[in-house]
Amino acid sequence: MSEMNNSRKKCMQTQNATKRNKQKQKGSSRNQTMASFNPNMMDMEAQNLLDELVELRASGEFQFELNDWWSNFPRYIKLRSKKDPASRHTYSPPNFVSPFNDPALIEKLRNDRRTCDWLNDPKYMTLIKELQQDPAVFDEKFVDREVQNQLFTTLRVVLFGKEGFASSRKPSVPIPPGSGIFPPDLISLWIEILFHAERNRFQNADEVKEAGNAAYKKQEFDEALKHYVMAKEIFPFDMTFLLNIGAVYLQTKKYTACIGACLEAVEVGRENNAANDLMSKAFMRVGRSFKQLGDYQCAKLYYEKALAEASSPEVVSLLAEVEKILDGGTLETPVSPVKSRPTKGASELGCESFQKGNYAKAAEQFTEAIGKAEDPILYRNRAACYLKLLNLDLALKDCSKCLELSPCNAQAVLLKARILQKQASTAFEKALELDKSVLGPFIGYDKVSIQSSLSV
């Protein structure tokens with residue numbers, strides 16, 4: 001799944017690159033979009049399809065036509081089938097060429113908050129039926145201002161939504177008989193169409209955001225907020241605008257509003273597969289807001305969520321600060337590193353780095369000490385560093401090594417329990433992401449999830 005997620009994020013990054021490089025040729029932008037795409041169905045057949053599509057475009061045999069969108073698909077399929085007759089089955093039923101013919105389309109639309117209400121709109125359902133019956137009508141709808149929003153949002157849900165690509169499948173999960181797949185090379189072409197459809201809106205929204213940034217730097221927060229809200233309304237698929245709204249609320253000490261904006265940013269990010277560093281920033285601002293509200297447990301929870309998305313020295317420091325508060329004003333805990341008798345130099349430096357919240361450096365220093373003397377305390381100390389860095393596998397490995405050398409080390413037993421508890425918590429959150437419904441009352445473990453209508 002990570003490969004497909006990376007491809008989606010890179011496609012979104014292409015939009016950002018286009019905004020900042022307006023002088024680049026359109027052709028090179030399209031090629032960048034193509035080259036970055038790499039869906040989850042990455043068996044040998046899928047990879048070959050994508051490679052051959054890139055080669056056909058690079059050689060000039062296949063030219064992507066703008067404004068005559070649908071014509072690209074029959075031309076491409078004809079060319080591919082001519083070069084490789086065996087590939088014809090890839091584009092034949094039950095596989096489908098248009099995302100609107102995805103058998104799971106209605107289910108995906110129903111499960112996405114952006115489109116679920118539209119299913120009760122007769123005009124929207126008529127639009128879907130027209131696209132299913134005659135895919136060539138897409139060109140007509142593409143320029144119809146009355147349906148553009150619904151058309152492009154629907155396409156975005158199918159290509160980038162939480163439900164994933166229609167073509168995605170794991171080797172261990174066979175495709176249900178008659179269900180078909182969406183060939184990955186065709187998905188790539190549809191992504192390119194969406195890129196062109198949304199490019200102007202994104203550029204306009206980003207220009208408005210830049211005006212907001214200028215006001216923010218002058219500490220004109222009300223003016224900045226107006227621009228950020230306007231940018232979000234122009235292009236609601238970029239979580240950056242909501243992050244900036246949250247930043248304004250944080251600066252103006254409207255902490256509850258900041259939490260709401262940043263959790264909304266997380267939801268938008270999940271729907272559009274935003275980069276991990278942006279998700280981390282959203283969780284960090286939620287954590288900072290909870291800290292200011294005096295809810296240190298929730299602050300700790302969201303700092304940990306931020307680190308789970310991406311490593312950050314700033315978040316590590318913030319987490320250490322709230323943990324110190326929760327521990328009664330001191331960083332000393334039953335599992336904090338203690339000075340080891342052998343190799344005092346490296347060990348003492350490691351303890352000092354740990355107390356300062358520099359866990360990565362502390363881990364390096366304990367590693368240096370271990371190279372000079374295999375002391376169980378050093379393994380336990382390094383395990384404590386890895387736990388802080390959320391590298392649970394290495395933490396557990398070092399803790400087990402400590403207990404191997406010193407089976408009666410009570411602090412190592414306690415540390416191992418904390419590591420296993422953290423692993424269980426991480427697995428639990430993963431289960432929540434996959435399917436909340438099967439967990440029933442266990443969802444209540446996170447009081448913020450209950451209080452908010454947003455899924456985090």
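Biologist: At what angle do helix H11 and H13 pack?

Modeller: Helices are DSSP runs (H or I, at least four residues; strands are E, at least two), numbered from the N terminus. H11 covers residues 239-251, and its axis lies 11 Å from that of H13. Axes are lines fitted to C-alpha atoms over the stretch in contact, and angles run from 0 to 180 degrees between N-to-C directions. The angle between H11 and H13 is about 20°.

Biologist: What kind of model is this?

Modeller: Residues are numbered from 1 along each chain as its sequence is written, and side-chain values use heavy atoms, with hydrogens and water left out. Local features need pLDDT of at least 70, side-chain atom pairs count only at pLDDT 80 or more, and totals for chains, interfaces and linings use all residues, for this is a predicted model.

Biologist: Are H11 and H13 roughly parallel or roughly antiparallel?

Modeller: Angles under 35 degrees count as roughly parallel, over 145 as roughly antiparallel, 65 to 115 as roughly perpendicular and the rest as oblique. The angle here is about 20°. Therefore H11 and H13 are roughly parallel.

Biologist: How many nonpolar residues are in the contact of H11 with H13?

Modeller: Contact means heavy atoms within 4.5 Å. From H11 come residues including Leu243 and Ala247, and they meet a set in H13 with Leu278 and Arg285 among them. Sorted by class (Ala, Val, Leu, Ile, Met, Phe, Trp, Tyr, Cys and Pro are nonpolar; Asp, Glu, Lys and Arg charged; the others, Gly among them, polar), three are polar, three are charged, and the nonpolar ones number seven.

Biologist: How do H13 and H14 run, roughly parallel or roughly antiparallel?

Modeller: The axes of H13 and H14 come within 8 Å and cross at roughly 170°. That angle makes the pair roughly antiparallel.

Biologist: How many charged residues does that contact of H13 with H14 have?

Modeller: Met279, Ser280 and Phe283 are among the residues from H13, and Tyr302, Ala306 and Glu309 are among those from H14. By class there are eleven nonpolar and three polar residues, and the charged ones number four.

Biologist: Is Ser280 buried or exposed?

Modeller: Ser280 is found in H13, residues 276-292. Past its close sequence neighbours (up to four places away), Ser280 touches Ala306, Glu309 and Ala310. Buried means under 20% relative accessible area, exposed over 50%, partly exposed in between (1.4 Å probe, protein chains only). Ser280 has 4% relative accessibility, so it counts as buried.

Biologist: How do H14 and H15 run, roughly parallel or roughly antiparallel?

Modeller: H14 spans residues 296-309 and H15 residues 313-326; their axes come within 9 Å and cross at roughly 155°. That makes H14 and H15 roughly antiparallel.

Biologist: Which helix holds Trp190?

Modeller: Trp190 is buried, at a relative accessible area of 1%. Beyond four places in sequence, its contacts include Trp70, Phe73, Pro99, Phe138 and Leu159. Trp190 lies within residues 184-217, which form helix H9.

Biologist: How far apart in space are Trp190 and Asn72, C-alpha to C-alpha?

Modeller: In sequence, Trp190 and Asn72 are 118 residues apart. In space, C-alpha to C-alpha, the distance is 9.9 Å.
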